[in-house]
Amino acid sequence: MKFIWLRRDCVGVKVPETVNTYCPKCNAHTEHKVSIYRKGKERALAIGARRHERELHGYGGQKYPIQRNKAKTTEKKTLVLTCSKCGRKLMREGVRLRKLEIVR
Ligand SMILES: [Zn+2]
């Protein structure tokens, strides 16, 4: 089966579950497990979150405009490759895609 490896301007892309690629820690080509990057949970006690909360207090309200009408219909999808030998994670640059499928 032939896969398209994250080409730009694609509507949908299928990526394999595992790929052979270079691992900088092992300094060799090893097998990597492919997963889609997802944003982690935001920490409520991070300095930016505390500062933002403090700025919202009192007179003045919201400090920056909230974007309501989005122009883009796609999201940037980033791939996370995990080395099967040492466990190091690599990121593949995100491109705008409507759909990203991991095919097994
Ligand atoms: Zn490795």
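Buried residues make up 6% of the 104 residues in this protein. The model is predicted. The protein has one helix and six strands. Its elements run β-β-β-α-β-β-β from the N terminus on. Of the contacts with a separation of 6 or more, 55% join residues 24 or more positions apart.

**Confidence**

- The average pLDDT of the protein is 86.
- A score of at least 70 is reached by 88% of the residues.
- Confidence is highest in strand E3, at a mean of 94.
- Confidence is lowest in strand E1 (residues 12–16), where the mean is 80.

**The sheet**

- Four strands make up an open sheet, in the order E2-E3-E4-E5.
- The pairing in this sheet is antiparallel.
- Strand E2 (18–23) and strand E5 (89–97) are the edge strands, and each of them pairs on one side only.
- From one strand to the next, the twist averages 40 degrees.
- In general, strands of a sheet pair through backbone hydrogen bonds, and the pairing can be parallel or antiparallel.

**Strands E3 and E4**

- Five bridges link E3 and E4, which pair in the antiparallel sense.
- Lys-33 stands opposite Thr-82 in E4.
- Ile-36 belongs to strand E3, which covers residues 28–36.
- Ile-36 comes within 4.7 Å of Leu-79, C-alpha to C-alpha, although 43 residues separate the two along the chain.
- Beyond its neighbours within four places in sequence, Ile-36 is in contact with Lys-77, Leu-79 and Leu-100.
- Ile-36 is partly exposed, because 13 other C-beta atoms lie within 10 Å. A residue counts as exposed at 12 or fewer and as buried at 20 or more.

**Strands E4 and E5**

- Strand E4 spans residues 75–83 and runs antiparallel to E5.
- Seven bridges join E4 to E5.
- Lys-77 stands opposite Val-95 in E5.
- Leu-79 has Arg-92 as its bridge partner in E5. Leu-79 is also one of the contacts of Ile-36.
- Leu-81 has Leu-90 as its bridge partner in E5.
- E4 and E5 form a hairpin, with five residues between the two strands.
- Gly-87 sits in the turn of this hairpin and has a positive phi of about 85 degrees.

**The helix and what follows**

- Helix H1 takes up residues 47–56.
- H1 is hardly covered: among its ten residues, the count of buried residues is zero.
- Gln-62 lies in the loop between H1 and E4.
- Gln-62 is exposed because it has 8 other C-beta atoms within 10 Å.
- Gln-62 and His-52 are ten residues apart in sequence, and their C-alpha atoms are 9.4 Å apart in space.

**A loop residue with positive phi**

- Asn-27 is found in the loop between E2 and E3.
- The phi of Asn-27 is near 55 degrees, a positive value in a residue other than glycine.
- Most residues other than glycine have a negative phi.
- Asn-27 is exposed, since 8 other C-beta atoms lie within 10 Å.

- Strand E6 covers residues 99–103 and holds Val-103.
- Not counting residues up to four places away in sequence, Val-103 touches Lys-14, Val-15, Pro-16 and Glu-17.
- Strand E1 covers residues 12–16, and Lys-14, Val-15 and Pro-16 are among the residues that Val-103 touches.
- Val-103 and Thr-18 are 85 residues apart in sequence, yet 9.2 Å apart in space, C-alpha to C-alpha.
- Val-103 is exposed because 10 other C-beta atoms lie within 10 Å.

How values were computed:
Residues numbered from 1 in each chain as written. Predicted model: local features only at pLDDT ≥ 70, side-chain atom pairs only at ≥ 80, totals over all residues. Pairing = 2+ DSSP bridges. Axes fitted to C-alpha atoms, helices over the stretch in contact; angles between N-to-C directions. Contact = placed C-beta atoms within 7 Å. pLDDT = per-residue confidence, 0-100.
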